[in-house]
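My notes follow the structure.

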Amino acid sequence: MDTFDIARLDSYRENNRIEAKAAKGGLPRSMWETYSAFANTYGGIILLGVKERDDGTFETVGLTRPEAEHLRQDFWNTVSNRSKVSAVLPIESEVELLEDEGGAVVAIHVPRAPREERPVHINNDLYNGTYRRRGEGDYRCTRSEIVSMVRDQASEGMDGKVLDEFSVSDLNAESIRGYRMRFQTAHAQSSWNPLGTELFLRAIGAAAVSREDGRLHPTLAGMLMFGNDYDILRECPNYFLDYREALDPSIRWTDRVHSGDGLWSGNVFDFFFQVSRKLTSVLKVPFKLDGILRVDDTPMHKAVREALANCLFNADYYGVRGVVVRCEPSRLVFENPGNVRTGVEQMRLGGMSDPRNAGIMRMFGLIDVGERAGTGIPDVFATWAEAGLPEPQIEETFGEAERTTLTLELIPVTNNEQINEQISTSGEQINVSDEQINEQISTSGEQITSRQTTVMDTITAQPDITYDELSHAVGVSSATVRRDVDVLVAAGLLKRVGSRKSGHWEIQGGTGR
């Protein structure tokens with residue numbers, strides 16, 4: 001449970017994980033929109049008995065203890081009514097009654113809902129009562145967002161679906177042949193090796209007998225692994241795999257491979273092996289011998305392959321914008337449609353494997369690709385730490401184009417840059433206090449990152465720019481921009497003039513630029 005310290009009320013601000021409600025006249029209706037939004041996004045805390053000042057700081061409204069007790073009881077009575085709220089998420093200890101000299105406050109800790117219970121909606125209205133959190137506000141989800149959450153409710157992977165309109169002969173024979181060669185190398189004594197193509201595909205889960213006609217057809221996992229791009233698009237109209245290499249700044253792409261170029265099958269199996277070779281070739285290989293043979297496969301190479309496999313295992317192939325892998329001189333970036341089913345924190349910790357495409361994961365596992373015990377991403381973090389590189393960053397983006405992005409930096413950062421980055425990338429914190437930010441800035445000598453310099457330049461050109469507009473201009477999420485702005489304000493380089501909603505930004509003097 002996220003902690004909330006009422007003694008530090010002045011240091012909190014509304015953001016994507018905290019919302020203040022005065023609640024003087026009882027539970028506000030908008031509170032339930034926020035409840036739904038927090039449950040469907042990162043989770044968060046709703047504060048009852050707190051209002052926001054014009055400068056964005058918080059103050060209590062003077063609720064008495066009996067008034068706060070009444071609010072708490074009303075909350076439990078209402079949240080338990082399934083015609084009002086589809087899921088009861090908090091437990092007793094997560095609805096706190098706190099007091100300070102200014103009055104009582106009810107702090108409701110709303111956890112992120114398990115995927116089986118998302119979308120959490122209100123008023124018994126799935127399509128009009130489902131919300132998500134963006135920055136400081138709640139927005140009503142679109143139908144496509146809701147459908148995506150409903151897809152993720154299934155206990156089995158989404159790729160187990162049998163595609164009755166296709167036959168096994170529609171799959172790419174060369175891709176299947178390549179897979180079987182790798183399988184035989186990994187399992188030379190397997191009884192599956194002598195099987196014919198159809199029986200082998202059924203054994204590995206790439207094909208299944210349909211309940212409709214009793215005949216063998218590809219599964220979605222089989223089509224994604226071994227199909228041709230043009231057939232996959234018939235089932236998944238937004239399917240796209242894209243590798244972009246930009247190692248020379250004078251050239252847009254030094255190399256590019258994508259599923260729609262017509263030069264190869266365009267399936268997940270072939271994409272993985274093409275791209276893993278390209279990615280690992282850009283990593284430095286220290287000279288190491290195993291007997292008289294040079295060892296070229298380092299822990300970093302293995303970690304990069306794991307990151308790529310994880311991206312493909314967890315992609316929502318019905319989602320938009322497809323899988324994008326970017327190879328740049330200073331970093332590797334893996335983007336897939338769909339959010340993290342277990343949540344970013346659990347993904348980071350490991351120990352729980354819940355892939356969106358269990359069939360694809362199983363098939364790769366049979367040829368010794370990918371970690372099935374939920375330790376793949378923690379191993380990537382450990383490898384990067386051992387190499388002395390910045391901690392990998394995982395970011396979820398919600399909305400019409402839901403995405404998960406894993407960024408692996410390849411160049412060690414200076415202490416100054418690392419301090420600022422730690423402040424600006426903690427997407428799951430409730431808030432960072434002004435005192436903490438000032439302490440970090442003073443330690444760093446008021447140095448700012450290149451991204452924060454871009455934020456400053458963009459604001460200089462457009463002082464009344466919104467956070468969402470700024471995030472699009474800089475090319476990062478709105479939450480990341482907000483954290484960068486907090487750092488710049490604390491450093492004395494940026495100032496907000498006027499209210500949060502109708503004010504504007506002013507660039508201040510300073511030595512950080």
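**Notes on the cavities**

1. The second largest cavity is lined by Ala 307, Asn 310, Cys 311, Phe 334, Asn 336, Met 347, Thr 404 and Leu 406. The model is a predicted one. The volume of this second largest cavity is about 40 Å³.

2. Helix H9 is the main contributor to the lining of the second largest cavity, with three residues. At least two residues each come from H9, strand E16 (331-337) and strand E18 (403-409).

3. By residue class, the lining of the second largest cavity has five nonpolar and three polar residues, and no charged ones.

4. How many cavities of 30 Å³ or more does a search of the whole structure find? The search finds three. The largest cavity has a volume of about 310 Å³. Its lining comprises 26 residues, of which Asn 310, Asn 314, Met 347, Met 352 and Asp 354 are the closest to its centre.

5. Helix H9 (299-313), helix H10 (344-349) and helix H12 (376-386) each give at least two residues to the lining of the largest cavity. That lining splits into 13 polar, eight nonpolar and five charged residues.

6. Two residues deserve a cross-check between the two linings.

Methods:
Residues are numbered from 1 along each chain as its sequence is written. This is a predicted model: local features need pLDDT of at least 70, side-chain atom pairs count only at pLDDT 80 or more; totals for chains, interfaces and linings use all residues. Side-chain values use heavy atoms; hydrogens and water are left out. On a 1 Å grid over the protein atoms alone, a cavity is a set of points where a 1.4 Å probe fits but cannot get out, and a pocket is an open set with protein on both sides within 12 Å along at least five of seven lines; lining residues have an atom within 4 Å of a point. Grid points are joined across faces, edges and corners, and a volume is the space filled by probe spheres set on the points. Helices (H or I, at least four residues) and strands (E, at least two) are DSSP runs, numbered from the N terminus. Ala, Val, Leu, Ile, Met, Phe, Trp, Tyr, Cys and Pro count as nonpolar, Asp, Glu, Lys and Arg as charged, and the others, Gly among them, as polar.
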